Amino acid sequence: MTIKKMSPEELLALDKFSVDEGNPHILVDKAICAKCTARPCLVVCPARCYRLKDEQVNFEYAGCLECGTCRVMCTDKGVTSWNYPRSSFGVTFRCS
Amino acid sequence: MPEDKFDAIVVGAGPAGSACAYALAKVGKNVLLLERGNTAGSKNVSGGRLYTYALELLEPDMYKRAPLQRKIVREQIMLLNERGATTVDYYNPDFGKDVPQSYSVIRAELDEWFAGEVESAGATVASGVLVDGLIEENGKIVGIRSGEEEMRCDIVVAADGVNSLLGQKAGLFADVRAHAVGVGVKETIELADNLINARFGVSDSEGAARIGIGCTDGISGGAFLYTNKGSVSLGIVFNPEQAAKQQRPIQEIFQDFKMHPAIQPLIEGGTSVEYGAHLVPELGYEGIPDRLYREGLLVVGDAAQLGINTGLIIRGMDLAIVSGLAAARAIEKAGNMADAGPLYMKQLEELLLLANQRAYKNFHNIFEISRIFNEYPKLANDALQFLFTVDGKVPKPTLKGLLAAIGKNASFGGIAADGWKAYRSL
């Protein structure tokens with residue numbers, strides 16, 4: 001079988017990213033997320049950038065597909081700032 | 001970066017922005033088209049179908065130059081249950097005649113071509129430039145900011161996509177609300193053309209478009225499959241609010257759909273080459289903000305939340321192109337840029353864009369009928385299972401068997417209520 005169920009990591013490995021090291025385009029306030037019970041980000045982020053780690057919401061911007069779902073869905077406004085990556089950074093789609 | 005003042009600066013080289021910049025350049029305007037991706041299309045994801053009339057409206061025969069994939073002559077609807085599927089396949093060769101009605105597209109190719117057309121028409125195109133602010137003076141928008149740089153113009157056209165941070169910064173509308181959008185995920189799967197042709201019953205230039213329901217864990221939403229040249233676009237669009245209320249990540253629901261016994265054989269032998277995601281405006285006419293302009297700024301395309309989704313027809317790129325053309329015509333006609341906004345709204349009417357949006361005004365209410373996404377696809381499969389099953393036992397009387405298939409999935413009261421809601425929405 002050439003077609004397989006793929007993990008988020010495998011899916012993101014298909015894409016081309018240029019990561020703006022040390023300069024996240026989305027800022028997340030962990031203190032706010034700690035109090036959030038709904039945590040929609042854990043299931044709605046298509047790139048699974050939001051994961052639970054020691055009961056805390058951990059955000060990793062490197063694999064962000066820049067869709068905006070987390071900003072739109074964030075109930076307690078733990079996503080304190082959402083921008084596109086700076087010029088020339090972020091994901092590059094070649095055949096979508 | 002050019003430093004002169006432009007007649008217009010268009011932000012975003014998707015179909016809306018490129019259509020606008022193209023039409024403006026063609027009438028001799030000094031236009032700057034800015035794109036945040038390193039090439040136009042490199043930040044863009046869509047299911048993948050363009051209705052051709054929009055390009056025809058911009059310029060007759062332009063579509064012949066475009067890197068379009070396959071002309072869609074098969075429209076398919078797939079109702080899935082756990083392991084099976086009921087598929088309706090509507091073949092109409094006339095959809096491919098003369099100017100074919102629609103084509104599957106790959107945005108990286110289409111948008112890059114379109115931006116090239118804009119440049120050939122005489123506009124300045126700059127990629128890899130993120131616009132992060134607007135310049136406002138005396139209550140008017142007079143230019144844009146990108147990092148340290150400022151560029152000035154008579155009018156800015158915000159074609160910056162569904163998240164439209166520029167429209168928000170200009171105070172035209174609030175941020176996108178969760179109930180107003182769908183979140184789409186998509187995999188592009190390379191697949192040999194001979195396999196695509198055989199599996200979908202099409203010739204080299206023809207293609208199929210398929211929508212699927214019953215594959216979203218009951219979440220309001222649906223799957224899509226478009227055949228391209230040498231690849232297939234497969235994805236699902238979910239209502240994010242409903243997705244958030246259950247446990248499974250949407251990416252995982254999508255991967256299970258890809259491996260569904262009725263889907264996997266269609267793409268087997270293929271290679272996954274890209275994974276993308278994007279928000280889609282879902283409210284149709286009701287989702288369009290009250291204000292799409294202020295002095296010095298027009299908002300077009302996804303940024304204006306234009307979109308039509310009837311469950312069968314999914315439109316975005318065509319509306320984007322038409323709105324871009326409307327903005328260009330408004331700018332061309334406006335003697336004073338203060339008139340451009342009202343003229344833009346008038347053009348949206350004249351080009352029938354708003355009439356199209358209004359025609360499907362209540363369709364999004366249908367997607368509140370939750371049984372569409374779970375019980376009804378199951379019902380269809382249960383009914384067909386009963387009708388097609390032969391096992392040597394004495395079968396139930398036909399009517400009784402069918403009623404059992406229905407009763408297993410929904411009450412008659414519930415079906416009547418859903419029917420009434422659907423009737424009211426259509």
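Predicted model: local features only at pLDDT ≥ 70, side-chain atom pairs only at ≥ 80, totals over all residues.
Figure 1. Chain A contains four helices and six strands. The C-alpha atoms of chain A occupy a box of roughly 40 × 35 × 20 Å along the principal axes. Of the 96 residues in this chain, 39% count as buried. Among the contacts in chain A with a separation of 6 or more, 71% are between residues 24 or more positions apart.

**Figure 2. Chain A and chain B meet at a contact.** On one side, chain A supplies 33 residues, and on the other, chain B supplies 48 residues. The elements of chain A that give two or more residues to the side touching chain B are α1 (8-13), α3 (41-44) and α4 (69-73). By class, this side of chain A consists of 20 nonpolar, seven polar and six charged residues.

**Figure 3. Chain B is assigned three domains, of which domain 1 and domain 2 are in contact****.** In the domain assignment, domain 1 of chain B is made up of the segments 6-69, 105-173 and 289-360. Domain 2 covers residues 179-281, and domain 3 covers residues 369-425. The centres of domain 1 and domain 2 of chain B, taken over C-alpha atoms, are separated by 28 Å. Where these two domains touch, 15 residues of domain 1 are in contact with 19 residues of domain 2. The side of domain 1 that touches domain 2 has five nonpolar, eight polar and two charged residues.

**Figure 4. Helices α9 and α10 of chain B cross each other****.** Helix α9 of chain B spans residues 317-333, and helix α10 of chain B spans residues 340-350. Their axes come within 8 Å and cross at roughly 135 degrees. An angle over 145 degrees would count as roughly antiparallel, and one from 65 to 115 degrees as roughly perpendicular; α9(B) and α10(B) are therefore oblique to each other. The crossing of α9(B) with α10(B) is right-handed. From α9(B), the contact involves B:Ser323, B:Ala326, B:Ala327, B:Arg329, B:Ala330, B:Ile331 and B:Lys333. From α10(B), the residues taking part are B:Ala340, B:Leu343, B:Tyr344, B:Gln347 and B:Leu348. Divided by class, the contact between α9(B) and α10(B) has eight nonpolar, two polar and two charged residues.

Conventions:
Residues numbered from 1 in each chain as written. Chains lettered and ligands numbered in written order. Contact = placed C-beta atoms within 7 Å. Nonpolar A, V, L, I, M, F, W, Y, C, P; charged D, E, K, R; others polar. Axes fitted to C-alpha atoms, helices over the stretch in contact; angles between N-to-C directions. Parallel < 35°, antiparallel > 145°, perpendicular 65-115°, else oblique. Left-handed = near helix turned anticlockwise from the far one by under 90°. Domains from an automatic or database assignment. Buried ≥ 20, exposed ≤ 12 C-beta atoms within 10 Å, placed from the backbone.
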